[in-house]
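These are my notes from going through one model.

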Amino acid sequence: MRFVFVDEILALEPGRSIRAVKTVKADEELFKDHFPGFPVVPGVLLTEMMAQAAGKCLDAERNPRGKAMLARIVSASFRDWVGPNEQAVINAEIKTSQPKYATADCYVEVRNKKVCSAELLFAFLPMERLAPGYIDEVLESYLNRQK
Amino acid sequence: MGMKHFSNTKEALAWIGELFEENPDNIKPDTPREKVAAWDSLGMLTLMSKLDEEFSIILEEDKAAELKKVGDLLDVLRVHGCLD
């Protein structure tokens with residue numbers, strides 16, 4: 001599977017907040033193992049959804065400090081299961097943002113119920129470390145729709 | 001919500017110990033940074049972000065690099081009025 005855990009951005013205030021969605025399809029192989037007869041989206045992937053969404057919120061600022069990279073899961077809690085084909089609505093709010101770090105409070109909702117939350121710490125990677133011409137397709141798609 | 005404030009050094013040392021996931025007994029004012037295992041580059045980012053979030057202290061990277069022991073961190077808290 002591709003390691004893209006945000007399908008679409010619904011709302012974005014660069015550097016401040018983001019609301020996005022992700023649905024892990026039922027035909028993904030991971031559900032064969034996680035778990036047989038009881039398929040649920042792994043907590044690490046829910047955490048990755050929050051990290052990718054918050055990262056896009058920071059990256060949308062086009063700050064020269066570089067691309068936001070998850071540095072630490074300060075805390076994370078999982079309250080309910082998320083099944084195949086269930087749409088996860090991912091929310092992130094940036095708490096602090098400085099040249100060397102940023103922090104975000106994040107949570108995921110399914111059917112209007114909070115299923116997990118996390119406090120995440122980000123560091124920044126210089127853009128030149130990434131492949132030439134790299135763009136975040138999900139973020140660019142959203143920004144282009146706003147023009 | 002008000003900023004965190006410590007009324008004594010013991011409270012501040014407990015906070016530092018929790019921050020670096022270190023036994024509080026191992027955190028003393030004269031404890032050198034290199035004796036705190038989690039006070040590495042990631043620990044420094046964590047420290048900077050927590051000072052920002054909880055005390056509104058923006059510690060620049062060069063100033064953070066000058067911290068050599070736990071007591072230096074206590075001084076930062078004192079200078080900013082966050083520790084009596």
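Entry 1, terms. I call a residue buried when its relative accessible area is under 20%, exposed when it is over 50%, and partly exposed in between. The model is predicted. By that cut-off A:Glu119, at 13% relative accessibility, counts as buried. I looked up B:Lys50 next and found it buried too, with a relative accessible area of 13%.

I checked how A:Glu119 and B:Lys50 are placed: their side chains meet in a salt bridge, at 3.0 Å from N to O. Side chains of opposite charge can pair when their charged atoms come close. I then traced where each partner of the other listed pairs sits, starting with A:Glu86 and A:Arg111, whose side chains meet in a salt bridge at 2.0 Å, N to O. A:Glu86 is in the loop between β3 and β4 (87–97) of chain A and A:Arg111 in the loop between β5 (102–110) and β6 (113–125), so this pair ties together parts 25 residues apart in sequence. The pair of Entry 1, in contrast to one within a chain, crosses between chains, from strand β6 of chain A, which holds A:Glu119, to helix α2 of chain B, which holds B:Lys50. For accessibility, I have A:Glu86 as partly exposed at 23% and A:Arg111 as exposed at 57%.

I looked up A:Glu140 and A:Arg62, whose side chains form a salt bridge at 2.7 Å, N to O. A:Glu140 belongs to helix α3 (residues 137–146) and A:Arg62 to the loop between α2 (43–59) and β3 (67–78), both of chain A, so the pair ties together parts that are 78 residues apart in sequence. A:Glu140 is buried, with a relative accessible area of 19%, while A:Arg62 is partly exposed at 48%.

One network of salt bridges links A:Lys95, A:Asp105, A:Glu119, B:Lys4, B:Lys50, B:Glu53 and B:Glu54.

Which residues of chain B lose the most area to chain A? I first noted that the two chains bury about 1100 Å² between them, 58% of it on carbon and sulfur atoms. On the chain B side, B:Leu42, B:Leu45 and B:Glu53 lose the most, together 39% of what that side buries. The contact takes 12 residues from each of chain B and chain A. Eight residue pairs are in polar contact across the interface, both residues at pLDDT 80 or more. Helix α2 (residues 41–55) gives the most to the chain B side, with eight residues. By class, I have that side as five nonpolar, two polar and five charged residues.

Leaving out residues up to four places away in sequence, A:Met50 touches A:Ile90, A:Cys106 and A:Leu120, among others.

Methods:
Residues numbered from 1 in each chain as written. Chains lettered and ligands numbered in written order. Predicted model: local features only at pLDDT ≥ 70, side-chain atom pairs only at ≥ 80, totals over all residues. Heavy atoms only, no water. Contact = heavy atoms within 4.5 Å. Buried area = accessible area lost by both parts, 1.4 Å probe. Salt bridge = Lys/Arg side-chain N within 4 Å of Asp/Glu carboxyl O. Polar contact = N/O pair within 3.5 Å; in protein donor to acceptor, adjacent residues only side chain to side chain. Helix = DSSP H or I, 4+ residues; strand = E, 2+ residues; numbered from the N terminus. Nonpolar A, V, L, I, M, F, W, Y, C, P; charged D, E, K, R; others polar. Buried < 20%, exposed > 50% of the residue type's maximum accessible area, 1.4 Å probe, protein only.
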